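Student: Hey, I've got a structure open and could use a hand finding my way around. Can we go through it bit by bit?

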Amino acid sequence: MKVRHTVAVSVGLVFALAGGVTVAVSARAAHERHELPDWVTICGKAYPGRTADEIRSLLSGWQTAERRRSFTVVVTEPARGRRMWTTMRGVLGAEPDLEAMIQKAFTAADSEGFVERLGRWLGRKDPVDIGPLWRVDSNTQENWLRHRVAPLVQRKPVDARLRLESGRPVVTQDSPGQELELPAAVGIVSRALCDPNAEKAEVPVRSVPADVTVSDAAGIEAEIASFETHYAEKGNRRRNLELACSLVNGTIIKPGRVFSFNETVGPREATNGFRVAPVIVQGRMEAGMGGGVCQVSSTVYNAALLAGLDVVARHHHAFPVHYVPPGRDATVVYGAIDLKLKNNTGSAIGFIADGTNGRVRVRVFGRPRPGVTISLERSGISSWAPPVKTLRVSSLPLGKTVVKEPGRAGHRVSVWRVYRERGRVVKREIISRDLYRAFPRIVWVGIAPKSPATSVQPVGEATVPPSRSLPVVGSGQSTP
């Protein structure tokens, strides 16, 4: 009996070894043909004897369906509660990574040696399943969040503003804004999309504090300077003046901060309410969007000088303007030429501006300096006539002359700021040395032997009517 048992075991072992060898040879042959064995599955499904290309083709429909699965982005806002945006996973740049899944499956198949395969043949090892692997294009996802979610979540903060109540300065309450925390949101959504079972992700928003708060406005107690100019025009130019003043009105500048006229008033565009009116372009008056805004910037400039503010950037016009003396103007062009003023007073200041009733008035409020006054003086004033440029033209009869361009005189002037304490001069500082170049007077002289069929009439330059009877008024700091 013992002999028979030994023989049976030996025969069984031989058959087992033979079977194992058969399994090993079969697996090796499949590997050489790059076919997947039946004990390696992808997402729970076997692909026995299939090559990588065949498996890729069989999985393409499943990949498309997975791209179309819905995914929801959730935002919880303190004021509005939960808000949701639902889209497809593929729209967020997510899709199953077939290449990574197939490669992992074949790597698992190739990683088992003879002993492991023998154990699998004997039923001692479970199948290997390769679960779904996802890849996410973060740029696609970020663009979707930036353009679809962020604008609807964003709320701009509201700065504290200055206004007058019964003639006294009052600061209005500021309020914070909010915005989507985009980098954090991208990371959260990316991780959720890599989880095949995840259907949503909640992304964070953050509070955005106001740039100027009520506490920042501490120290605004009374008017410290004012300046006004006048205009007689109506229509579009008046509209532009009033609009620009309303945008400057209430602006508060913290100590050490720089006021930018262009940033405060914004683009001079029709969508912002501005209209076409005369502007200076290369020494000529032409129709342009926002004409008249320079009168507001010049008035702000003079009020700021009288308040003692530092001038960071200022440019004069191509030629003197009618509403301020030469050397006291400040031209602005959005995106190119700006007026910038630094608050060096040691405490907050605020502008009250008004452009109604034929005048532009800018008042500066802050902390008064008892006994100190500031005034502006001009020196080195000189002017010269424009040069004359004569052109001979055949379009005019012989000897006939036409003034094509009237020209403009040149000017040179220096502006000083003078500080006085109780009437005594304590400081004089140069503010600017301006040179307004002359523009030539262009005269056409006819040389034709006879009158042409159509005569050329003199062409003058469109100008803004001067306001000779309307004075320029300004005042600096004074004892309250």
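This is a predicted model: local features need pLDDT of at least 70, side-chain atom pairs count only at pLDDT 80 or more; totals for chains, interfaces and linings use all residues.

Student: OK, which side chain does Glu99 meet in a salt bridge?

Tutor: That's Arg56, at 2.6 Å from N to O. A salt bridge here is a side-chain nitrogen of Lys or Arg within 4 Å of a carboxyl oxygen of Asp or Glu. The pair links distant parts of the chain, 43 residues apart: Arg56 is in helix α2 (residues 52-67) and Glu99 in helix α3 (residues 98-111). Helices (H or I, at least four residues) and strands (E, at least two) are DSSP runs, numbered from the N terminus.

Student: And is Arg56 buried or partly exposed?

Tutor: Partly exposed, with a relative accessible area of 27%.

Student: How many salt bridges does the count come to?

Tutor: 25 by that rule. One of them joins Glu202 and Arg82, at 3.5 Å from N to O. Glu202 lies in strand β13 (residues 200-203) and Arg82 in strand β6 (residues 81-88), so the pair ties together parts 120 residues apart in sequence.

Student: Which residues are linked in a network of salt bridges?

Tutor: Arg67, Glu95, Asp97 and Arg135.

Student: New topic: helix α7. How far apart are its end C-alpha atoms?

Tutor: They're 19 Å apart, which agrees with the 18 Å that its 13 residues (236-248) should span at 1.5 Å a residue. The expected span is 1.5 Å times one less than the number of residues.

Student: Which residues in α7 are buried?

Tutor: Arg237, Asn240, Leu241, Leu243, Ala244, Cys245 and Val248. In an α-helix there are 3.6 residues a turn, so residues three or four places apart point the same way.

Student: What do the buried residues of α7 pack against?

Tutor: Several elements, including α8 (261-265), β18 (276-281) and α9 (293-307). Contact means heavy atoms within 4.5 Å.

Student: Last one: what follows α7?

Tutor: Gly250, whose phi is positive, near 90°.

Definitions and conventions
Residues are numbered from 1 along each chain as its sequence is written. Side-chain values use heavy atoms; hydrogens and water are left out. Buried means under 20% relative accessible area, exposed over 50%, partly exposed in between (1.4 Å probe, protein chains only).
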